[in-house]
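Hello,

I am handing over the structure we discussed. Please look through it before reading the notes that follow.

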Amino acid sequence: MNAIDATREITVAVVRGKEQPFRIEQARIRGPRSDEVRVRIVATGLCHTDLIVRDQYYPVPLPIVLGHEGAGVIEAIGPEVKGLAVGDHVVLAYGACGHCKPCSSGHGAYCVDFYAQNFGGAAADGSNALEDADGAPLHDHFFAQSSFATYALARENNAVKVPDDAPLELLGPLGCGIQTGAGAVINSMKVTPGSSFAVYGAGAVGLSAVMAARVAGAAIIIAVDVVPSRLALARELGATHVIDSRTQDIVAAVQQISPGGVDYALESTGRADVLEQGVTALAKLGVIGVVGASKMGTQASFDVNNLLMGGRSIRGVVEGDSVPQVFIPQLVQLYLQGRFPFDRLVTFYPLAQINQAAEDSRRGITLKPILRIGG
């Protein structure tokens, strides 16, 4: 197979209106061009970002095919693809231009064109690869993939080859949610052995951070949430302490566990008030990473002198500051060794039940839904 393959008939999940359910429809996808690969999607994770885009927290054009945690098998390649081949198993990650200053320095998650690459709803030239059953264009290229579909187009620089013996249907979330939590700990903040770490929010991203903090050798690992079952799982995955913020004062509880505060923290809830408390609970020279997505314009406040006098830091983290081609295979190896059991977070659904998966995720019933799409 090559770039001149005929257009394919595919099945997709489409968002056609703000806060509207996903609709399962038939569509068509073109063949790959230049450095693109066309991937038969085996499974794809459903992420919080998919849901807030569906609800238009971010101004993304509709109708659109979302999905950005795809995993599958390459079935066709463009003429400029050099390092991938038909039949390769791949995990699809975020899009980046590959040549700006952040990309060239190994920080593609901060690509100067990141928003257009991932949320623009089209290719760089404004074209769409998808059209619906009536021949009307569908917005796509979501995170350079749009993987709520039986087939998706990606670029070589966001398709990461993984071992054939790894469980492909499980691996999609490594492309976003899992690598975000783990990467924030390992790549961004560089949590050190013997240190103290707290995560605010024990969802899939937060629990990935817990597992990564354990791998990194943190001595105190605190998980904060309001759902008892999530806190129980956090303990099983490596948390040394848990805090139920419905019944405990977060700052007081953190500082009781780790006198003076924690060295590292991660805010994954997207709530400004939680971030404010997380900053207050930092130790001197402590750093808090922010990965929770909030509505545009969300404001948080903090005491400037608390940062200044204590040498404390707040840093935003996108995609775990990861180089996917390096970090995703590392996470796969940690999983295969039993040291990063992210399969404990997963519940599988068929694509036809995407709206049920979304509702279960919203209600906290499911930590990380994965949609089974193809064999």
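How do the residues of the lining of the largest cavity divide into nonpolar, polar and charged? Seven are nonpolar, three are polar and one is charged. Please keep in mind that this is a predicted model.

Cavity

The structure holds one cavity of 30 Å³ or more. The volume of the largest cavity is about 60 Å³. Its lining is made by I29, A129, L130, D140, H141, Q145, S146, A149, Y151, A152 and L153. Strand β9 supplies the largest share of that lining, three residues.

Second largest pocket

The second largest pocket has a volume of about 380 Å³ and is lined by 21 residues. Those nearest its centre are E36, A123, A124, H141 and R155. Two elements, α3 (114–119) and β9 (151–155), each give two or more residues to this lining. With three residues, β9 gives the most. By class, the lining has eight nonpolar, six polar and seven charged residues.

Salt bridges

Over the whole structure, 18 salt bridges are found. One of them joins R16 to E25, with the closest N and O atoms 2.8 Å apart. R16 counts as partly exposed because its relative accessibility is 30%, whereas E25 is buried, with a relative accessible area of 12%.

Another joins E131 to R28, again with the closest N and O atoms 2.8 Å apart. This pair links distant parts of the chain: E131 lies in strand β7 (residues 130–132) and R28 in strand β2 (residues 23–29), 103 residues apart. E131 has a relative accessible area of 30%, so it is partly exposed.

R230 and D225 also form a salt bridge, the closest N and O atoms being 4.0 Å apart. Both R230 and D225 are buried. Through shared partners, salt bridges join R16, R23, E25 and D132 into one network.

Surface patch

F302, V304, L308, M309 and I314 make a nonpolar surface patch of about 520 Å². Helix α10 (residues 304–310) contributes the largest share of the patch, three residues. M309 is found in this helix. M309 is classed as exposed because its relative accessible area, 63%, is over the 50% cut-off.

Regards

Conventions: Residues are numbered from 1 along each chain as its sequence is written. This is a predicted model: local features need pLDDT of at least 70, side-chain atom pairs count only at pLDDT 80 or more; totals for chains, interfaces and linings use all residues. Side-chain values use heavy atoms; hydrogens and water are left out. On a 1 Å grid over the protein atoms alone, a cavity is a set of points where a 1.4 Å probe fits but cannot get out, and a pocket is an open set with protein on both sides within 12 Å along at least five of seven lines; lining residues have an atom within 4 Å of a point. Grid points are joined across faces, edges and corners, and a volume is the space filled by probe spheres set on the points. Helices (H or I, at least four residues) and strands (E, at least two) are DSSP runs, numbered from the N terminus. Ala, Val, Leu, Ile, Met, Phe, Trp, Tyr, Cys and Pro count as nonpolar, Asp, Glu, Lys and Arg as charged, and the others, Gly among them, as polar. Patches are made of residues with over 30% relative accessible area and no salt bridge: like charges are joined within 9 Å, nonpolar side chains (Val, Leu, Ile, Met, Phe, Trp, Tyr) within 5 Å. Accessible areas come from the Shrake-Rupley method with a 1.4 Å probe; for residues, only the protein chains shown count as cover. A salt bridge is a side-chain nitrogen of Lys or Arg within 4 Å of a carboxyl oxygen of Asp or Glu. Buried means under 20% relative accessible area, exposed over 50%, partly exposed in between (1.4 Å probe, protein chains only).
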